[in-house]
Amino acid sequence: FQWLSFAYQGLREIPYETILAQTDTLEVLDLSYNLLDEYPFLEKLSTLILDCNNYTSHVKFPYMPSVTTVCINKNKINNLPVFVEEIRRKFPSIRILSMMNNDAAPSYFNGGSLTQYKDYQYVISQIPGLEILDDTEVLEKERVQARKTYRLHQSSHSSRKRKE
């Protein structure tokens with residue numbers, strides 16, 4: 001596979017001309033440590049590394065079914081449900097998601113609370129194929145607990161919608 005890195009370049013825009021010249025073989029794209037807030041679009045990409053940029057919870061990615069790994073650590077993600085919905089819809093094959101050191105992501109780096117750690121069950125419930133979340137393997141018992149916890153939450157939300 002081919003890996004292309006533009007890390008630590010201070011980029012404000014994605015260098016599409018260079019990237020598109022290698023689109024047929026490119027599988028891993030590293031855009032870490034830049035000033036980006038736009039997303040890359042490549043059809044055959046399997047790994048997308050966007051650490052240390054300016055991405056927010058409201059980033060809009062294109063549909064990229066080949067992507068299995070997204071690293072978006074140390075950005076400006078502060079709304080977990082909004083961000084997770086975008087990831088779930090746009091990366092249907094995702095197996096690894098790392099979003100450490102964002103306000104919405106509990107971790108050692110930002111003093112994550114017990115409530116935030118429980119919120120990770122929400123992530124697991126919404127992305128059932130997830131194998132690794134941040135730096136930890138998702139265990140079957142966590143999947144079971146996440147389904148129990150958030151099935152009820154989703155049902156009560158759906159009931160409210162029907163009543164309105």
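User: Which residues is Asn34 in contact with, leaving aside its neighbours within four places in sequence?

Analyst: Contact means heavy atoms within 4.5 Å. With neighbours within four places in sequence left aside, Asn34 is in contact with Phe6, Ala7, Tyr8, Gln9, Gly10, Leu11, Cys52 and Asn53. This is a predicted model, where local features need pLDDT of at least 70 and side-chain atom pairs pLDDT 80 or more, while totals for chains, interfaces and linings use all residues. Residues are numbered from 1 along each chain as its sequence is written, and side-chain values use heavy atoms, without hydrogens and water.

User: Is Asn34 buried or exposed?

Analyst: Buried means under 20% relative accessible area, exposed over 50%, and partly exposed in between (1.4 Å probe, protein chains only). Asn34 has a relative accessible area of 4%, so Asn34 is buried.

User: What does the side chain of Asn34 reach?

Analyst: The side chain of Asn34 reaches the backbone oxygen of Leu31 at 3.0 Å.

User: Where is Ile94 found?

Analyst: Helices (H or I, at least four residues) and strands (E, at least two) are DSSP runs, numbered from the N terminus. Ile94 is in the loop between α2 (80-90) and β5 (96-98). Its relative accessible area is 2%, so Ile94 is buried. Beyond neighbours within four places in sequence, the contacts of Ile94 include Val67, Ile87 and Leu130.

User: How many helices and strands does the chain have?

Analyst: There are four helices and seven strands in the chain. Of its 164 residues, 44% count as buried.

Note on methods:
A polar contact is a pair of N or O atoms within 3.5 Å; within protein, one must be able to donate a hydrogen and the other to accept it, and residues adjacent in sequence count only if both atoms are side-chain atoms.
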